Amino acid sequence: MDFNLTKQQEMVRKMVADFTENEIKPIAADTDRNSEYPADTIKQLFRYGVMGMIVPKEYGGAGADDICGAIAIEELSKQCASTGDIVATHNGLCCGPIIQHGTEDQKKKYLPMLTTGCKVGAFALTEPNAGSDASKGTTTAVLDGDHYVMNGSKIFITNGYVADIFVVFAMTDPSKGTKGISAFIVEKDFPGFAVGKHEEKMGLHGSPTAEIVFTDCIVPKENLLGVEGKGFNIAMQTLDGGRIGIAAQALGISEGAMKEAMDFTKSRVQFGKPISKFQNTQFKFADMEVAINAGKLLTYSAAAKKGTGARFTKEAAMAKLFCSENAMKITTEAVQMFGGYGYTKDYPVERMMRDAKITEIYEGTSEIQRIVISSNIL
Ligand code: CAA
């Protein structure tokens, strides 16, 4: 077993780390404060090949492996989890299922748009009454000649009001339960497609979350992704990949918060010495270091397994569960170390703590990850 990163993986880390330090860090607080989609940053990330990083070169992508994909999200999320989220959704939840399940024609049409064409992607599964119980969606798609007619709505869609291309799940045969769900590639310009409510969230203020509404939306027959009735399996497989992205995002948030807390405690003097000199503080950093390194091993090994083509459902769930719960613990500890300053918006740890919370919820709550892990071992 080789625990060293390849040259390409190290290169991706350096490139994204430099970009994050120079381009993202200076604007991260304003992105949060103004709830502003970082459009210029995303344009640059297309130019750098980070948006669409895992797309094969023949379709316009960087052809990078899944560990590179995770490292990029981790580095971005050290300073701005919103940017990490936008990239994770685009790469893992939109490009991912098209790479895996698209026909040659679909790949040739959509993947260049999602890479060199700078079109943003999204994934629409969740509905008001189908969150954790994802198979209970009521959006329908009825075949009518050369197209499907889609009706229903989706909520909490990351990239919702900026995306151009959506992977959407709808019932094509409601009598068949999970086997009646199908996946589709839907463009925002299809007739009957509309963006609904924009969500105001606790954190991830730069990541645009919205409702999507389909009213007799016309989806060409050739935009069916995979086979009719296999949509639920496609959704679950896609989320396996997406969960590695969220693990990486949570890791990045943890690392960012730990670095802020180390810098602060080295300069903050109380009771005659920097608070980093107190053993209470040192032991907390020791625990953070262990958790972050264990999280890296879980995340990168899940990504490595994905790259082999073997099923990695349990590994992705373990990485997401572990890293997201640690992100919440580490950011909460970081705020605590800052004392009163940590509760203000003058320091980034307050934002990091708010951003960390969603990693325990989206792409499957911690409870769902425990269901997935236990059902894979019992
Ligand atoms: N890969 C491939 N197929 C899978 C699979 C996987 N990981 N998991 C399940 N399946 C297949 C099963 O094999 C089964 O197929 P067959 O009928 O052919 O045997 C089928 O799917 C149904 O499986 P289950 O009976 O296990 O399904 P379930 O209804 O009990 O649900 C669940 C299982 C794990 C709870 C699932 O519903 C789940 O993961 N829920 C959480 C949903 C979620 O993560 N939502 C996040 C929304 S997206 C988001 O957050 C992004 C954003 O933009 C904000």
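Between domain 2 and domain 3 of this predicted model, an area of about 1100 Å² is buried, with carbon and sulfur atoms giving 75% of that area; buried area here is the accessible area (1.4 Å probe) that two parts lose on being put together, summed over both. The side of domain 2 that touches domain 3 comprises, by class, 9 nonpolar, 6 polar and no charged residues, where Ala, Val, Leu, Ile, Met, Phe, Trp, Tyr, Cys and Pro count as nonpolar, Asp, Glu, Lys and Arg as charged, and the others, Gly among them, as polar.

The chain is assigned domain 1 (7-113), domain 2 (121-229) and domain 3 (232-377), with bounds that come from an automatic or database domain assignment. The C-alpha centres of domain 2 and domain 3 are 30 Å apart, and 15 residues from domain 2 and 14 residues from domain 3 take part in the contact, defined as heavy atoms within 4.5 Å.

In helix α2 (residues 39-47), helices being DSSP runs (H or I, at least four residues) numbered from the N terminus, the residues Thr 41, Ile 42, Gln 44, Leu 45 and Phe 46 are buried, that is, under 20% relative accessible area (1.4 Å probe, protein chains only). These buried residues of α2 pack against α1 (7-33), α3 (66-77) and α4 (81-101), and α2 is followed by Gly 49, whose phi is positive, near 80°.

Residues are numbered from 1 along each chain as its sequence is written, and side-chain values use heavy atoms, with hydrogens and water left out. As the model is predicted, local features need pLDDT of at least 70 and side-chain atom pairs count only at pLDDT 80 or more, whereas totals for chains, interfaces and linings use all residues.

Conventions. Buried means under 20% relative accessible area, exposed over 50%, partly exposed in between (1.4 Å probe, protein chains only). Helices (H or I, at least four residues) and strands (E, at least two) are DSSP runs, numbered from the N terminus.
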